[in-house]
Amino acid sequence: MRTQPTPVETKAVYDEPAIQAHCRRVGATAVEVARKLGWKGEQQRALRAAADSHHIFANPVEPLPPRLMEHIWGFAAKPSAVGDPPGEEVAKLLEMSCFFVERWEFLPYEAARFEQMIEELRFMARDGFLESAHVEGLARVPRASLEEVKAVVSKLPVFPAAALKAMQLARNPMAGAVQLEQIVGTDTVLAGEAPRMANSPFDASTTPYRSIRQAAAAMGIPECCRILSAAAFRPMFQSPLIRPLWRHSMEVARIAELLARQTRKAEPEEAFLAGLIHDIGRLALWKLPARLTAHHTALLDHGCEPMFAEVLLCGFDHCSAGREVMRHWGLPDRLAEAVEYHHQPEQSDSVLAQVLYLADHCSGSQEDLPSMARLRHARERLGLTSEQLRAISSPLPLS
Ligand SMILES: [Fe+2]
Ligand SMILES: [Fe+2]
């Protein structure tokens, strides 16, 4: 029989980052459903506080039983107002949210689409384990459709062809500054960005280059090509809100290139380009209508991983959105597949997808739950030892 946890046990669980992250996801899910069910703001705040405590036992696998949850709710909601939901309903809502979150946390081992996860919850509600109204509340949380994402994607700028040309030039050992100048000359965006090359985070030099020729002589053609390729994308990330995403994309591009060079399993220039665009789906999701992005931002602010927030509010993640962008841009299948599976490398034969997964990992990105199974899978596909992977860290001095 359970007993109350000792203060030491409670602290041990509270100090465990994985449990804290789980509790934040459960709280965020429960609040989204509560909002749908018409609970007041104060009740939502108390619900989140109760969610934070729903694994206070030393054995974090089992959530608290409803009776104890009622006490926690009573404490979190004090002074309780007339009309507050009964504690048992709170406990049941948290229980349903906990099941949903645990199913999401299990996705690396058993993939499922959002609709399938909802069906599983409905099945449990039919058997009397969950409240049907809560499951339906979760099913009706305001959600973007794939059609809405496609509409956003169709308004994105066209793929900057100069980026592809620059990376093709990087592969050519006979290439010279003249060809670089030709590429810059055909692209108005690049023509504007090129003079800023010396200020690129790729280049620690403080010496401004006055011309492409000077930059090429100092950095070499391949490096110039990479910088120009990145510069062609920069205008898409102008908003201050998505600047961190731009820095992350550049960092992943650099690491992906390193991984490709070291393992010789992928073409370094292609890996670099794949890294630059790997999270382009996140950019598309940022452009969804405000009624959806506001929820999304609130979930991120409460510490949920982007992948979780996307599944909860879209039913799909930025990898699916990225696939739509790849279609819109008409990029080669190799790049499209790498972008689509960069968080699920085990689902794809693409070597580039493995490279991107590991590059994301090395960058310290917390877009998704870390998965030992996926990490090992991607590492083994590339023939890397864990020591070799550990030795690869961010090569960029990022500001
Ligand atoms: Fe990602
Ligand atoms: Fe990423």
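**Exercise 1.** Which exposed residues does the face of H10 turned away from its buried side carry?

*Solution.* This is a predicted model: local features need pLDDT of at least 70, side-chain atom pairs count only at pLDDT 80 or more, and totals for chains, interfaces and linings use all residues. Residues are numbered from 1 along each chain as its sequence is written, and chains are lettered from A and ligands numbered from 1 in the order in which they are written.

Step 1. Take the cut-offs. A residue is buried if 20 or more other C-beta atoms (placed from the backbone) lie within 10 Å of its own, exposed if 12 or fewer, and partly exposed in between. Helices are DSSP runs (H or I, at least four residues), numbered from the N terminus.

Step 2. Find the buried side. In H10 (residues 177–185), Leu180, Ile183 and Val184 are buried. They lie on the same side of H10 because they cover an arc of only 100° around the axis (taken from the directions from the helix axis to the C-beta atoms).

Step 3. Turn to the face away from that side. Val178 and Gln182 are the exposed residues there.

**Exercise 2.** Work out what span helix H2 should have, and check it.

*Solution.* Step 1. H2 holds 21 residues (17–37). The expected span is 1.5 Å times one less than the number of residues.

Step 2. That gives 30 Å, and the end C-alpha atoms are 30 Å apart, so the two agree.

Step 3. Look just past H2: Gly38 takes a positive phi of about 85°.

**Exercise 3.** State how many helices and strands the protein chain has.

*Solution.* Count 23 helices and zero strands (E, at least two residues). Of the 399 residues in the chain, 44% are buried.
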